[in-house]
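Welcome, and thanks for taking a look. Here is a short tour of a few local features, grouped by topic.

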Amino acid sequence: MSPPKAATLFLLFFLLLLSSTTTSNAHNITRLLAKYPAFSTFNHYLTTTHLASQINRRQTITVLALDNTAMSSLLAKHYSLYTLKNILSLHVLVDYFGSKKLHRISKRSTLTSTMFQATGAAPGTSGYVNITNLKGGKVGFGAEDNEGKLDATFVKAIKEIPYNISIVQISHALNSAEAEAPTAAPSQLNLTEIMSKQGCKAFADLLTASGADDKFNENMDAGLTVFCPTDSAVKSFMPKYKNLTASKKVSLLLYHGIPVFMSLQMLKTNNGVMNTLATDGANSYDFSVSNEDEVVSLDTTVVTGKVLGILKEEEPLIVFKTNKVLMPKELFKPVVAKEANAPGADAPADSEPADAEDNTNGVQGLGGGRLVMVLLSLWIGILLI
């Protein structure tokens, strides 16, 4: 093989390798378990207790899943939702244990930390789980504070993405006196009070005066992300706000909320179109999220706002402070790029199909840079033919 051709082949290999390493390691536990109806109850309570979003934010995790029968036995004890969250968090290990690793435990037994331990609610080492290799190739699991008893055994591997997430079925729920202890509900979060004390009083007052705060509060338990403009931003926007009808004022305010919990890191890794509390059928009321380095931007096609910081983060609620009032294209004229002279260039870009994200299993698709590298690699390959 001639040196130039060898060099070209090396470049082709390097580009393909580089492009393959740009895939995100994100995962979505809800989507992964949705493929297995036998775990529907377990999946439901991961979402209801907000453990699902916490699992999704972890880069390395092992979920000890309970099938519907095991969950029925657990639910028959009538624990509160907050106690149930502690119990289920004991079934989420903050390390990767695939099937092979579970059956080859060093020294036949190990202790590993869980999300229950990570919450700080577990005293001592009560948030640890004992994993032990038993006779006959079985693997036992037991809470550290359960007097050495192994309540459950390994049943099967459900899904493994090596060193990222492992979902395995165990036979029974783990018993733990600390996790099962009665847990009081967290103090009720007052959205407008939080904003008023953190430099967003003007926006909070608009929510209260319009009645839009009721819609925000209704969505809080299921997860809520709020973008609150600063007082100075609201003040400069008030002339435009006063010209809106009452219903349009409510739509504009609801446009500042997303009906899911989205941490700052989740916003950075889930760039794209976001629906809002104002989204309703044909009225999309959406905006695009993007980030450059550490700066997160919100583009409505009318105005681009930037996230200045976090006012409050206490799942299921997170409140961000923004430098501008977000103006939806449904209420204000979009800004047309000067270079966009083609017919229809001023129309807002079509949003992705609703199921587009589902097809990725939580993994980001081709970014612009990766796409360029793949196309360049293909072009070089064609030249070599």
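**A hairpin to start with**

Strands β11 and β12 make a hairpin that has two residues between them, and Asp293 in the turn has a positive phi of about 60 degrees. Please keep in mind that this is a predicted model.

**Strand pairing around β11**

- β11 (residues 287–292) and β12 (residues 295–299) run antiparallel, and five bridges join them.
- Within this pair, Ser290 has Ser297 in β12 as its bridge partner.
- β11 also pairs with β10 (residues 272–274), again in an antiparallel arrangement, through three bridges.
- Here Val289 in β11 stands opposite Gly272.

**Nonpolar cores**

- The largest nonpolar core contains 50 residues.
- Leu191, Met195, Phe227, Leu252, Phe287 and Leu317 have the most contacts inside this core.
- Beyond its neighbours within four places in sequence, Leu252 is in contact with Phe237, Tyr241 and Leu244, and also with Val325, Leu326, Pro328, Leu331 and Phe332.

- Asp213 belongs to helix α12, which covers residues 213–220.
- Is Asp213 buried or exposed? Asp213 is buried, yet has no salt bridge.
- For Asp213, the nearest side chain of opposite charge is that of Lys215, 12 Å away.
- Not counting residues up to four places away in sequence, Asp213 touches Thr192, Leu207 and Thr208.

Key: Residues numbered from 1 in each chain as written. Predicted model: local features only at pLDDT ≥ 70, side-chain atom pairs only at ≥ 80, totals over all residues. Heavy atoms only, no water. Core = buried A, V, L, I, M, F, W, Y, C linked by side-chain atoms within 4.5 Å. Buried < 20%, exposed > 50% of the residue type's maximum accessible area, 1.4 Å probe, protein only. Contact = heavy atoms within 4.5 Å. Helix = DSSP H or I, 4+ residues; strand = E, 2+ residues; numbered from the N terminus. Lys, Arg positive; Asp, Glu negative; His and termini not counted. Salt bridge = Lys/Arg side-chain N within 4 Å of Asp/Glu carboxyl O. Pairing = 2+ DSSP bridges.
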